[in-house]
Amino acid sequence: MNSKPISGTWQRGEYSISTDPARLDIELIHDFLSNHSYWAAGRSRDVVARSIENSLPFGIYKGSQQIGFARIVTDYATFAWVADVFILPDHRERGLSKWLMEVIIAHPQLQGFRRWILSTRDAHGLYKRFGFIKLHRPERWMERPDPNMKESPDYWKK
């Protein structure tokens with residue numbers, strides 16, 4: 001399999017989804033993640049840029065204006081992690097997050113995996129529509145927080 005992601009574009013009315021990294025508005029993505037999300041509060045612009053460079057990115061656009069984003073961290077063989085999903089507030093309640101997940105799940109390079117994962121505080125209903133369930137054996141999963149992490153996501157707070 002080609003390890004380089006295939007670029008693609010999907011159209012629905014005035015909206016489009018693209019995996020072309022050249023179209024991404026890194027400033028908009030950084031601003032949303034760092035200043036408006038609960039999971040990436042304080043994330044630096046450099047970390048946002050590196051995370052995108054090492055993932056398969058999906059931008060959502062109204063015309064040429066980016067209005068949403070998601071990225072998939074994957075080895076293109078066995079595993080995918082859905083990360084940093086958002087739709088700007090002015091464009092919510094239009095089915096765009098559902099459409100985004102439809103496009104991601106159907107992407108030709110994201111097929112046949114043993115496992116997909118994600119973490120969410122408040123969008124369980126959305127992801128259940130696409131077959132996501134609670135961790136089957138959470139006792140087998142571990143994580144290692146970096147004590148020097150500069151971000152302050154809410155899940156590390158007690």
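Which residue in β4 does G59 stand opposite? In this predicted model, the residue opposite G59 is F69.

Now look at β3 itself, which covers residues 56-62. Because six of its seven residues are buried, β3 is largely enclosed by the rest of the structure. Its pairing with β2 (residues 15-18) is antiparallel, over four bridges, and here Y15 stands opposite K62.

Stepping back, these strands belong to an open sheet of six, ordered β1-β2-β3-β4-β5-β6 with mixed pairing. At the edges sit β1 (9-12) and β6 (115-117), each of which pairs on one side only. From one strand to the next, the twist averages 20°.

Further along the sheet, β4 (residues 65-74) and β5 (residues 79-87) run antiparallel and share six bridges. There, T74 has A80 of β5 as its bridge partner. Helix α1 (residues 26-36) packs on the sheet, where it touches β4 and β5, and its direction makes about 90° with that of β5.

Finally, turn to helix α2 (residues 45-53), which contains S51. Is S51 buried or exposed? With a relative accessibility of 13%, S51 counts as buried, because the cut-off is under 20%. Setting aside neighbours within four places in sequence, S51 is in contact with R71 and D84.

Technical notes: Residues are numbered from 1 along each chain as its sequence is written. This is a predicted model: local features need pLDDT of at least 70, side-chain atom pairs count only at pLDDT 80 or more; totals for chains, interfaces and linings use all residues. Side-chain values use heavy atoms; hydrogens and water are left out. Two strands pair if DSSP finds at least two bridges between them. Helices (H or I, at least four residues) and strands (E, at least two) are DSSP runs, numbered from the N terminus. Axes are lines fitted to C-alpha atoms, for helices over the stretch in contact, and angles run from 0 to 180 degrees between N-to-C directions. Contact means heavy atoms within 4.5 Å. Buried means under 20% relative accessible area, exposed over 50%, partly exposed in between (1.4 Å probe, protein chains only).
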